[in-house]
Amino acid sequence: MQPEELLNEGNNRDGQPQQESPLLSLEKDLKFFEESIREVAMEIRVEGLSEYPIFIAHQHELALGELILDRHDLNSTWSIHASTLEEFLERGVIKKELKQRFEDTYRDPNNFICVFVVTPEGANFVFVPYGKG
């Protein structure tokens, strides 16, 4: 899947203009919360919890990770939870046999936010460069 498809940029398959993707609001929220997310990612790594911090973005209730940015409290569109590869494996979100593949595709957490985006249509990983969010 191309980033444009994930963001629903341009036209749909019928050539009709698409509605604005909710992921555009996620991009705005990530930009606003970037420094807080970076600090949490650094803490996760420095404290030895994981070399693979994952941030879960959602707009509903979610029982995964630890809530760090609540959309209701912060008047934003998305809530953000902090988690790790280890929790995703433990909870079965990532199958153990796919662990190596995830590690191989994981991008440098000093330069990218690993976001697990959960929408009513499904969920997917996106790596957002700091300064882009």
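Tutor: Gladly, and we start with burial: buried means under 20% relative accessible area, exposed over 50%, and partly exposed in between, with a 1.4 Å probe and protein chains only. This is a predicted model, where local features need pLDDT of at least 70 and side-chain atom pairs count only at pLDDT 80 or more, while totals for chains, interfaces and linings use all residues. Residues are numbered from 1 along each chain as its sequence is written, and side-chain values use heavy atoms, with hydrogens and water left out.

Student: Why does F116 count as buried?

Tutor: F116 has a relative accessibility of 11%, and buried means under 20%, so F116 counts as buried.

Student: And what makes F125 partly exposed?

Tutor: The value for F125 is 23%. Partly exposed lies between the limits for buried and exposed, so F125 counts as partly exposed. Over the chain of 133 residues, 38% count as buried.

Student: What makes an aromatic pair?

Tutor: Rings of Phe, Tyr and Trp (its six-membered ring) pair if their centres lie within 6.5 Å; planes under 30 degrees apart count as stacked, over 60 as edge-to-face and the rest as tilted. A search of the whole structure finds eight such pairs.

Student: Why is the pair of Y106 and F127 called edge-to-face?

Tutor: Their centres are 5.6 Å apart and their planes make 90 degrees. Pairing needs centres within 6.5 Å and edge-to-face needs over 60 degrees, so Y106 and F127 form an edge-to-face pair. Y106 lies in the loop between α5 (99–105) and β4 (112–119) and F127 in strand β5 (residues 122–129), so the pair ties together parts that are 21 residues apart in sequence. Y106 is also buried, at 10% relative accessible area.

Student: Why is the pair of F116 and F125 called tilted?

Tutor: The angle between the planes is 50 degrees, with 4.7 Å from centre to centre.

Student: How do you know that the charged end of R107 sits over the ring of F112?

Tutor: A charge sits over a ring if NZ of Lys or CZ of Arg is within 6 Å of the ring centre and within 35 degrees of the ring normal. For R107 the distance to the centre of F112 is 4.2 Å. R38 lies over the face of Y130 at 3.9 Å from the ring centre.

Student: Why do E35 and R38 form a salt bridge?

Tutor: A salt bridge is a side-chain nitrogen of Lys or Arg within 4 Å of a carboxyl oxygen of Asp or Glu. The closest N and O atoms of E35 and R38 are 3.8 Å apart, and the limit is 4 Å, so the two form a salt bridge. Both lie in helix α2, three residues apart, about one turn of the helix. E35 is partly exposed at 45%, and R38 is partly exposed at 26%.

Student: How many salt bridges does the count come to?

Tutor: Four. Among them is K99 with E103, at 3.7 Å; both lie in helix α5, four residues apart. K99 is partly exposed at 35%, whereas E103 is buried at 19%. Another is E51 with R45, also with a closest N and O distance of 3.7 Å.

Student: What makes a set of residues a nonpolar core?

Tutor: It is a set of buried Ala, Val, Leu, Ile, Met, Phe, Trp, Tyr and Cys residues joined through side-chain atoms within 4.5 Å. The largest one has 19 residues, and L26, L30, I37, F55, I80 and V115 have the most contacts inside it. Helix α2 gives the largest share, eight residues.

Student: Which residues is V115 in contact with, leaving aside its neighbours within four places in sequence?

Tutor: Contact means heavy atoms within 4.5 Å. The partners of V115 are L26, L30, F55, A57, N124, F125, V126 and V128.

Student: How many helices and strands are there in the chain?

Tutor: Helices (H or I, at least four residues) and strands (E, at least two) are DSSP runs, numbered from the N terminus. The chain has five helices and five strands, in the pattern α-α-β-β-α-β-α-α-β-β.
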